[in-house]
Amino acid sequence: MRLFKRNPDPMGPLDYSRRFWLRATVAVTLFFLYAPIIGLIVFSFNNSRRNIVWRGFTTDYYVKLFNNESLMLAFGNSLTIAVFCTIFSTILGALTAYVLWRFRFRGKAIYEGAMALPIVIPEICMGVAMMVFFARIGWPTGLPWPFNLSAITIAHIAFSFPFAAIVIRARLESFNPELAECARDLGASEFQVFRDVVVPHMKPGLIAGALLAFTLSLDDFVITFFTSGPETVTFPVKIYSMVRFSVTPEVNAASTVLILVTLVVTAFALRMQNRNNMLSNAA
Amino acid sequence: MADQTLSDTPIIQIKNVSKIFGGNVKAVDNVDLEVRRGEFFALLGPSGCGKTTLLRMLAGFEVPTHGSIIVDGQEMSNVPPNKRPINMVFQSYAVFPHMSVEQNVAYGLKMDRRPAKEIKERVAEALDLVKLGHLGKRMPDEMSGGQRQRVALARALVKRPKVLLLDEPLSALDAKLREAMQLELVRLQKTVGITFVIVTHDQSEALSMANRIAVMNTGTVQQVAPPTTLYEMPKNRFVADFIGKINMIEGEATDAGNGEVRVKTGSLGEITLKGTATGKVALAVRPEKIFVDEKQPTDPSLIYVKGKVGEVAYFGSYSNVFFDIGTGTPLQADISNVSSDIEEFTFKTGEEYWVYWRKADTLVLGD
């Protein structure tokens, strides 16, 4: 077998990663996972309005994308929501993580479970619930920008802060409690301990959590679909409505841009997580 | 390392302090202790004896379930750790990883809101004291364990506390560094002149560094005394066995008047010794107090018995020889190698000798 040319040692009984059937399974899985996405990206450069058959390379549809006012507006909305969502999710997530790590109180297990609920609940249930909730309490509609994005932002914060909390909580696990006691011993109040010793330790977790919240917010479709209106369209929702019209390469281009932004941010977040692990081994 | 003129007024008074966790775990059981001003005091005992809990109550991280702690005349029960005139060096050193050495040492002074100029001067002084003057700008992850410990020391001492607490200060250091730090800590304490209280499970550490040692077991204080007293006059079996090595021969004791007891043992017969313990006791003698002779000793002030050589461990300057004297447990003797004649000091298994020691060196220990 040609495979053995690279590794001359004979295959051991537990060398599963070298077995053909495993490699084949992995290859097929990756193919079905990524072929559609790669196809999507490739066909965004397709010189054909109907975008069914490849008719040549062009970047025209990217130009069209950046000139599409309603699409750019939607992108602006998405970014605004994502920024606010990130700020509040990170703060809420950090406080939640700290409370769960530091204190013992009645109903702590219930609180921990309830806080993690948004991760488990199907998005569509959350979306419908949010929509009914905002309608029921008479949340003002028709507000000027950016206040008209408030309903969506609140919904986003609600479902993304638990993710941030989990990331930050993981970082707190590697915190040496003697550092906090020592700061106390040297004269610090509880707040000063938090500010001077805990937060610096949490920093990599805060950054990773923030990036995660940003990505979740930017990409969200289901919950946003239920909480947005005709004046408050976000990027993913706009792409959806464009697809219902016609699937021109412009839609592909928009999707590709979204994928790219998400990829870059996620890669950054992963790098932060790796630094987490290295730092916690050193300190 | 004990000669210092110490003041009479205690700086720490621990009065009937108990700490109970979770309703029924008694970590500290009715402890009564006094630490004198300027003393180097040690809390010594095996793991789980309550010494660390007691230290944490002094620092303020645990609140006593019963009793009170008084520091320099001030009742500490409502005083949180950040307001006590006490500072602690933690077992993991707890050097803040995101701050430089100088920033670490300055932290306590910053919390006290001292002016910047004063902070700078005092930090430099403290770093010089622990011989880290040239490493002010270093980050902790660029330093060795021993250096980080000195940062922790400087950081605590710069605040000029009334008492410095140290939690197992030498346990994380390698043997050579440990020896050097033992001397270093004693020197530091004499230079700074404040009271040190250390917690340790290593009896040789406590013996070599402390003025007085409180030996603890299962939450209670067994004996508080200077190292020499603890070693030569332990109050009970636990203290005798915990500090150094000791031989114990079981027996029954009855009061013989005049501060003496008559002890009946299996293989040694009936002996009258100075002591107060009665009932089931152990006759105890330290291994280095035992001598051997080929002829039977005749001096009435000696206890002597025939012994057959069992295991022998050679340590260069002395040999640790186990003798079977018919009591079931072999008798351990540390025999110094006073002569260079190898034939003379070699003990071979099976050889028989007369093993003897002075009655004055024998202890009668109850539980």
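## A first look at two chains

In this predicted model, helix α4 (residues 108-120) of chain A packs against helix α6 (residues 150-173) of chain A at an angle of about 115°, and their axes are 8 Å apart. Angles from 65 to 115 degrees count as roughly perpendicular, and α4(A) and α6(A) are therefore roughly perpendicular to each other. The crossing in which α4(A) passes α6(A) is left-handed. On the α4(A) side, the contact is made by M115(A), A116(A), P118(A) and I119(A). On the α6(A) side, A158(A), F159(A), P162(A), F163(A) and A165(A) take part. By class, the residues of this contact are 9 nonpolar, no polar and no charged.

Next, the meeting of the two chains. Here 18 residues of chain B are in contact with 16 residues of chain A. Which elements give two or more residues to the side of chain B that touches chain A? They are β6 (86-89) and α2 (101-111) of chain B. The largest share of that side, 3 residues, comes from α2(B). Sorted by class, the side of chain B that touches chain A has 10 nonpolar, 5 polar and 3 charged residues.

How confident is the predictor? The model scores ipTM 0.83 and pTM 0.80, and the chains compare like this:

| Chain | Mean pLDDT | Residues at pLDDT 70 or more |
|---|---|---|
| Chain A | pLDDT 87 | 95% |
| Chain B | pLDDT 90 | 98% |

Over residues 1-5 of chain B, the pLDDT is below 50, and this stretch has 7 contacts in the model beyond near neighbours in sequence. In chain A, confidence is lowest in helix α11 (residues 249-282), at a mean of 79, and highest in helix α7 (residues 177-185), at 94.

Key
Residues numbered from 1 in each chain as written. Chains lettered and ligands numbered in written order. Predicted model: local features only at pLDDT ≥ 70, side-chain atom pairs only at ≥ 80, totals over all residues. Contact = placed C-beta atoms within 7 Å. Helix = DSSP H or I, 4+ residues; strand = E, 2+ residues; numbered from the N terminus. Nonpolar A, V, L, I, M, F, W, Y, C, P; charged D, E, K, R; others polar. pLDDT = per-residue confidence, 0-100. Axes fitted to C-alpha atoms, helices over the stretch in contact; angles between N-to-C directions. Parallel < 35°, antiparallel > 145°, perpendicular 65-115°, else oblique. Left-handed = near helix turned anticlockwise from the far one by under 90°.
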